[in-house]
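I hope they are handy as you look around.

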Amino acid sequence: MAIEIEQPRVGLSKVAVSKTHGEDSPYFAGWKAYDENPYHETSNQSGVIQMGLAENQVSFDLLEKYLEEHSEASSWGKGAPGFRENALFQDYHGLKSFRQAMASFMEQIRGGRAKFDPDRIVLTAGATAANELLTFILADPGDALLIPTPYYPGFDRDLRWRTGVNIVPIHCDSSNNFQITPEAMEAAYQSAESMNLKVRGILITNPSNPLGATIQRSALEQILDFAVNKNIHLVSDEIYSGSTFSSSEFISIAEILETRGYKDAERVHIVYSLSKDLGLPGFRVGTIYSYNDQVVTTARRMSSFTLISSQTQHLLACMLSNKEFSENYIKTNRERLSKRYDMIIKGLKKAGIECLKGNAGLFCWMNLSPLLEKPTRESELALWKVILNEVKLNISPGSSCHCSEPGWFRVCFANMSEQTLEIALERIRKFMEQRKRN
Amino acid sequence: MTQTRYYRTRSPEPEKEKTGGGGGTAMRVIVPLQGVVQGRGGLVLGSIIPCALFYFLQFYLKRNRDDPDDKNESNSTGQNPTTRSPSSEHLTELPGLTRSLSRALLSPRNSGPVSISARVSGIVKGGDSPYYMGLKRVKEDPYDELDNPNGVIQLGLAENKLSLDLVKDWLAENAREAILGNGKELSISGIAPYQPFDGLMEFKVAVAGFMSQVMENAVSFNPSQIVLTAGATPAIEILSFCLADTGNAFLVPTPYYPGFDRDVKWRTGVEIIHVPCRSADNFHLSIAALDRSFNQAKKRGLKVRGVIISNPSNPAGNLLNRETLYSLLDFAREKNIHIISNEILAGSTLGNEEFVSMAEIVDQEDTDRKRVHIVYGLSKDLSLPGFRVGVIYTFNEDVLAAARKLSRFSATSAPTQCLLISMLSDTKFVRTFITTNWERLQRMYVQLVAGLEKMGIKSIKSSGGFYCWADMSGFISSYSEKGEVELWDKLLNIGKVNVTPGSCCHCIEPGWFRFCFATLTEKDIPIVMERIQKVLKPVN
């Protein structure tokens, strides 16, 4: 008979066992519920409708049409000079043609109000990687980044997990539509200091996730001034910049820098990606645009851990440098998102629900605080559970976005067909009616 | 926190930790007392003069700094400025000097330098190791038979161009449908949305099958144990993050792939302990040497978390035989540590020696599987480094869970996965590729070795990989790293040939060079030989 000898378990690192990946939070728990019982128009009409994933599916047809008509993007053809070089190409500078296409696409989105130099673009496999990379570069373990609340739940993981950097929230509330104020920034800075955390930067998302609103010019000026004053970095995650409902309402930090003659620019870094605006999260395309040479050089070297497939770069370089395509895409995408937004706002209003006035993004910021038993996080989560399990809608509770006011929820509207959205709105309406009756 | 170093260090062990403050004080004490120690008296003057000079220097530098920022920098290291190479050790003891140096590197705008993290500020000065400098030179002045016959010939990059035409032809016929259709209707909605970050299951199945094929079906791989990453580079880094904490260490036999210094250490803060292999053993791994290194590390208070082996090895080209692999497993079990087996060249064997994967070894052993993790990728065996496909294959569910989550930072691209699913499922193509590629590698290897032999350059018999690991110690001016680098420099700048000096691979014996032959055509070989001959001046 074999003698059982207890084998010492071979250990893993703290990073491996840490919970900083955050996947046990409600934000992700809702996704699990969806995965187990996903709604389907015909085969599972009582399933959970996913409204917690900020994906843009409204403009796929435009992409499909382009690829059908331009076979050179997805192939190299016989004798094409491109393939050999492409397959071997693992230079962390990235394909020049792709960087040029990205730079020009970013300019187009900003209506030409800011210029981007392709040589300042560093490519990463997604904005997730870009944000983490910047954090590695700008801060040491134990340092802090200031981030306005509510913010994208993924930041807790992306900015903190492997980097060992802390997030100190800049509290914003509904009294002024969740805008960032100098007082709030200062308070956050002091709070970090009192915890003996060295603040290395402030990270804003503009347009904001989850608010679905652009940051106003005056606020951007104040944020930049604050960063200059404290001599820290400013990271502007502009991943939703192409998803504003009207082109004129989005102001990029790049424009602010331009008007200031690029003074103080070397502390500013912009993150962008094609995952939201172009609806291609599966392609894994992100960028860091930095005005700081040292950061550009370092980020480039570090991007070795997260390079974009050269095949993907080739495909997208073709697509994005086609001006006809990109201009039409940006315009049409905006119109469709705007239409969707109107649809959901109207639908929610009919159900008696108010939202924050938004002008961008793939979601709206819904106020369900009147429904809370008590103005607490627990009540919010209880309500969230009810909506998930009874109404069968997965929406994101504000607490997972670190919102200081309970009762707000982020509701995504671009990751489904119009019909499905109608059904979701119908379910909400019924739910609200029931609550009124009780 | 380990500082990143792109300048080479030669030490077989990692640098000792130094506390910044302590170091500075030591400096101040040693210098003034030198006269006293040497018995030349002059305690007072001997103390005052150096001190005065020292403080003057500090003062001078102080006057040229911006205060708040510098205060930030000195606080920011907080951690010990560990593992600096000897040449820069004194920099940490003269904070003023460090600051003004780093400031010189900031962008010329010169308005209030905002600091970057200590963990990366070291590497900005670097980038000048021969490994990277050589690659840069080739990029600037690449050899081309027609357009640039005097350009630099690349023998420093382990790329396989020998069989690219096969892949190219396949793609020309099949790419379009492969990316979008896979036999179904052309649909972007299949590949555009969020996919599991660790890869499409279909692709994992295809990759598992391919891995099995290149390893001659000696072992089968379970797709559910695969995590796909954007290349083998992040695969190694992710495993480093999962298996070791900052300040822990891995044992790595030298000479090793220069990229490990970046992949294993840079952002993780994990150390590498060099375990020297010697020419007397043909650079084969010795378990005794591993054991010695492990014990030395223990004495120094360094916690070893695992061993990283490459099989076939880079640069020596050795295959680890069954016996060694079993011994390695015993060793790991005894010390309760992990084994990372980098098998990225498994499909690029030379000669007829049998390749044995670590997976095959643990096939029967249930209890030890949890400590074994395999790294693979399509960059070498399928010549597609640009497509960024790397594999972590592990038997440990916890590592699997963590690696899956971490793969979000380094995920493979969906359209590329779709393309490759088609390619890898085309078994006829894969079989033809593997066979043809093997033949071509053989041919090129034999020719290169013969050419070098004619010049009196002997090399280790390689059993795998794209390299010839050659002994040029007879041609260096001094039997030292310096002599070796001098020769490298001449080969690069006079001979216009980029090869990798053994010191980049931390080889303990000077004079060894790595020649990659898979980037060459047969026509290039005589030209390469000619150029090398031009440079060589036998020392004896």
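1. The charged end of A:Lys230 sits over the ring of A:Tyr189, 4.4 Å from the ring centre; the rule asks for NZ of Lys or CZ of Arg within 6 Å of the ring centre and within 35 degrees of the ring normal. Please keep in mind that this is a predicted model, where local features need pLDDT of at least 70, side-chain atom pairs count only at pLDDT 80 or more, and totals for chains, interfaces and linings use all residues. Residues are numbered from 1 along each chain as its sequence is written, chains are lettered from A and ligands numbered from 1 in the order in which they are written, and side-chain values use heavy atoms, without hydrogens and water.

2. Over all chains there are 27 aromatic pairs, counted when rings of Phe, Tyr and Trp (its six-membered ring) have centres within 6.5 Å, with planes under 30 degrees apart called stacked, over 60 edge-to-face and the rest tilted. A:Tyr189 and A:Phe226 make an edge-to-face pair, 6.2 Å centre to centre with 85 degrees between the planes. A:Tyr189 belongs to helix H9 (residues 182-194) of chain A and A:Phe226 to helix H10 (residues 217-230) of chain A, so the pair ties together parts 37 residues apart in sequence. Helices (H or I, at least four residues) and strands (E, at least two) are DSSP runs, numbered from the N terminus. Both A:Tyr189 and A:Phe226 are buried, meaning under 20% relative accessible area, with exposed over 50% and partly exposed in between (1.4 Å probe, protein chains only).

3. In chain B, do have a look at B:Trp469 and B:Trp512, a stacked pair at 5.7 Å centre to centre and 20 degrees between the planes. B:Trp469 is in strand E10 (residues 467-471) of chain B and B:Trp512 in strand E13 (residues 512-516) of chain B, so this pair joins parts 43 residues apart in sequence. B:Trp469 and B:Trp512 are both buried.

4. Ring pairs also link A:Phe116, A:Tyr262, A:Tyr289 and A:Tyr291 into a cluster.

5. A:Cys355 counts as buried at 19% relative accessibility. For A:Cys412, the nearest is again the sulfur of A:Cys364, 8.6 Å away, and A:Cys412 is buried at 1% relative accessibility.

Key. A disulfide is a pair of cysteine sulfur atoms within 2.5 Å.
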